[in-house]
Amino acid sequence: MILMQSLKKNIYMSDKLKFRSGVLVLMVFIAAFSRLIPHPPNFTPIGGMALFGAAYFSRKYLSFLVPLAAMWMSDLFYNNVILPAQLPEYYTGFQWFGNLWVYAGFAAIVLIGFKLLKKVKASNIAIAALAGAVVFYLITNLGVWAMNPIYPKDMTGLIACYAAAIPFFGNSLLGIMVYSAVLFGVFEWAKGRVPALQA
């Protein structure tokens with residue numbers, strides 16, 4: 001009798017975990033593919049997805065794997081359908097990957113989420129979003145400086161590159177704030193109404 005009850009409880013917990021994980025994956029993919037909707041430059045879900053994954057996936061590797069996979073799939077469509085139609089002179093041939101510096105910035109935001117979102121609350125999310133936006137700005141623009149021949153490969157060139165990117169930082173920060181608020185807000189609201197989503 002005790003064995004049967006234990007078995008039923010384990011099956012219930014397994015089903016609950018699968019359901020919760022499925023909802024998390026679905027939300028991340030919806031956010032990733034919202035990049036395909038016209039949006040202001042740099043106003044994207046990337047940072048929000050990274051923090052959301054870091055906060056809620058019970059297995060840490062899924063915090064990297066699921067959002068990165070969603071971003072890669074949306075990149076395939078964005079880089080091979082949308083951008084070639086907008087800028088045919090720059091985008092020719094099939095692009096398998098997006099910018100690797102963007103992926104590195106994304107991974108760094110996941111690590112920030114691990115550190116700052118052990119407890120999910122609004123103040124922690126806001127601090128993590130601000131830190132994530134700053135780190136993403138630093139990493140991706142380091143990549144621009146390293147890869148773009150217009151910038152001298154010295155401290156002057158690096159400072160010039162970071163200065164040129166400042167006008168885009170506002171949209172990046174706004175994007176991570178808004179998408180974090182939506183993803184975390186929707187999931188926390190759903191958790192209060194669907195017991196199977198509880199950790």
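A residue counts as buried if its relative accessible area is under 20%, as exposed if over 50%, and as partly exposed in between (1.4 Å probe, protein chains only). Keep that handy for the tour.

You're looking at a predicted model, where local features need pLDDT of at least 70, side-chain atom pairs count only at pLDDT 80 or more, and totals for chains, interfaces and linings use all residues. Residues are numbered from 1 along each chain as its sequence is written, and side-chain values use heavy atoms, with hydrogens and water left out.

**Stop one: Tyr137.** Select Tyr137, which is buried at a relative accessible area of 14%.

**Stop two: Phe169.** Phe169 is partly exposed, at 22% relative accessibility.

**Stop three: the cluster.** Select Phe52, Tyr56, Phe184 and Phe187, and you'll see a cluster linked by ring pairs. The whole structure holds 9 aromatic pairs.

**Last stop: charges over rings.** Here NZ of Lys or CZ of Arg must be within 6 Å of the ring centre and within 35 degrees of the ring normal. Pick Lys60 and Phe114: the charged end of Lys60 sits over the ring, 4.2 Å from its centre. Then try Arg35, whose charged end sits over the ring of Tyr78, 5.6 Å from the centre.

Note on methods
Rings of Phe, Tyr and Trp (its six-membered ring) pair if their centres lie within 6.5 Å; planes under 30 degrees apart count as stacked, over 60 as edge-to-face and the rest as tilted.
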